[in-house]
Amino acid sequence: MHFVVIGGSGFIGREIVNEIHRRGQRVPVVVRQSCYLYDHGSLSRNLSLISPDAVINSAGYVGRPNVDACESNKSECLAANAVLPGVIASACRMNALPWGHVSSGCIYSSANSNSSSFSELDTPNFTFRNGPCSFYSGTKALGEEVLRDCQDCYIWRIRIPFSNRDCQKNYLTKLMNYDRLLEATNSLSNLDEFVSATVDCFQKQVPFGTYNLTNPGAISTSEVVDLIRQSGVMDREFKFFRSEQEFMSLAAKTPRSNCVLDTSKASDAGLVMSPIRESLKKALQTWVTQDHQSSSLQFPVAA
Ligand SMILES: NC(=O)c1ccc[n+]([C@@H]2O[C@H](COP(=O)([O-])OP(=O)(O)OC[C@H]3O[C@@H](n4cnc5c(N)ncnc54)[C@H](OP(=O)(O)O)[C@@H]3O)[C@@H](O)[C@H]2O)c1
């Protein structure tokens, strides 16, 4: 099966490309420099020239260094997270291509709900329609709304990705580098298991639709910190904000989503993610520092 990855230069996109390579396939990447992504005619012509069997979209605007940056770059955030999925849907429809879109579990928050975990049937509650929300979460929910009637499409919700590779966007690295941490209970996604599940969707012919792709279970920040210390990867004292209010007043511009996702639909469909504590322990046992990581994979960019 031949894939094209849109946004394959990003943190998640690169890992999807690596996963497809591991399965012995070449994979062209479509990036902003090679194609005007926002014009469905131009994107459609690119897809038609490459002639893949399926398309994966991991392009999006997440804000740097974090989602607070989305509050001051709203037009790019809205375009990349809400408009672009619709353009890709249209280009894929024109080429009769199945495709998948990387969404986020951050469209839910437990703070304003009684729900203990959110399934794919629950209406997102950290959105512009059902607020309050961060601008980033609002645009991710709009992206899903744009795709609501889309046939032949997967929507994969990833949440707080981590892996065994020390890097700026890895949740474990973030925890080890922040001065103070916010205590919250969340679902998390092992990035390697997530990307494997996305490619499996096509190869196992999983029914199209929305899937919460997080590791089963939930874990609090302090429990993750305990696992980091027990693993020996880092044994310093971790400091916490006294409350979410203190975090908001000292370290954040916009509220964060904290939530637990129900993973039963994905597991029933054969998309296997290991239990969260097991997955975290394994990542920490096999931890690779930045000095020991091989240089990033070279991938062909579509003309
Ligand atoms: N990382 C997370 O914690 C996380 C969690 C949940 C969901 N997600 C979702 O996963 C997707 C990928 O996130 P990521 O962490 O891999 O982000 P990333 O490392 O910033 O990569 C983003 C990708 O999207 C492209 N891109 C950025 N801004 C764009 C724009 N305005 N128009 C078109 N393309 C644009 C980038 O291209 P260039 O290389 O040209 O900049 C890059 O290929 C996003 O949709 C995000 O919402 C991420």
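In which loop does D152 lie? D152 sits in the loop between α4 and β5 (153-158), where helices (H or I, at least four residues) and strands (E, at least two) are DSSP runs numbered from the N terminus. The model is predicted, so local features need pLDDT of at least 70 and side-chain atom pairs count only at pLDDT 80 or more, while totals for chains, interfaces and linings use all residues. Residues are numbered from 1 along each chain as its sequence is written.

The phi of D152 is near 55 degrees, a positive value in a residue other than glycine. D152 is partly exposed, with 14 other C-beta atoms within 10 Å. A residue is called buried if 20 or more other C-beta atoms lie within 10 Å of its own, exposed if 12 or fewer, and partly exposed in between, with C-beta atoms placed from the backbone.

Six bridges join β4 to β5, and S103 has R157 of β5 as its bridge partner. Four bridges join β5 to β10 (residues 209-212), where I155 is partnered by T210.

I160 lies in the loop between β5 and β6 (161-162). I160 is not a glycine, yet its phi is positive, about 45 degrees. I160 is buried, with 20 other C-beta atoms within 10 Å.

Two other loops contain cis peptide bonds. One runs from R64 to P65, with omega near 5 degrees, and P65 lies in the loop between β3 (54-57) and α3 (74-94). Another runs from G131 to P132, with omega near 0 degrees, and P132 lies in the loop between β4 (99-104) and α4 (135-146).

The last topic is a pair of helices. Two packed helices are described by the angle between their axes and the distance between the axes. Helix α7 (residues 221-231) and helix α10 (residues 276-285) pack at about 35 degrees, with axes 10 Å apart. Axes are lines fitted to C-alpha atoms, for helices over the stretch in contact, and angles run from 0 to 180 degrees between N-to-C directions. The contact is made by V224, L227, I228 and S231 of α7 and L280, K281, L284 and Q285 of α10; residues are in contact if their C-beta atoms, placed from the backbone, lie within 7 Å.

Notes:
Contact = placed C-beta atoms within 7 Å. Pairing = 2+ DSSP bridges.
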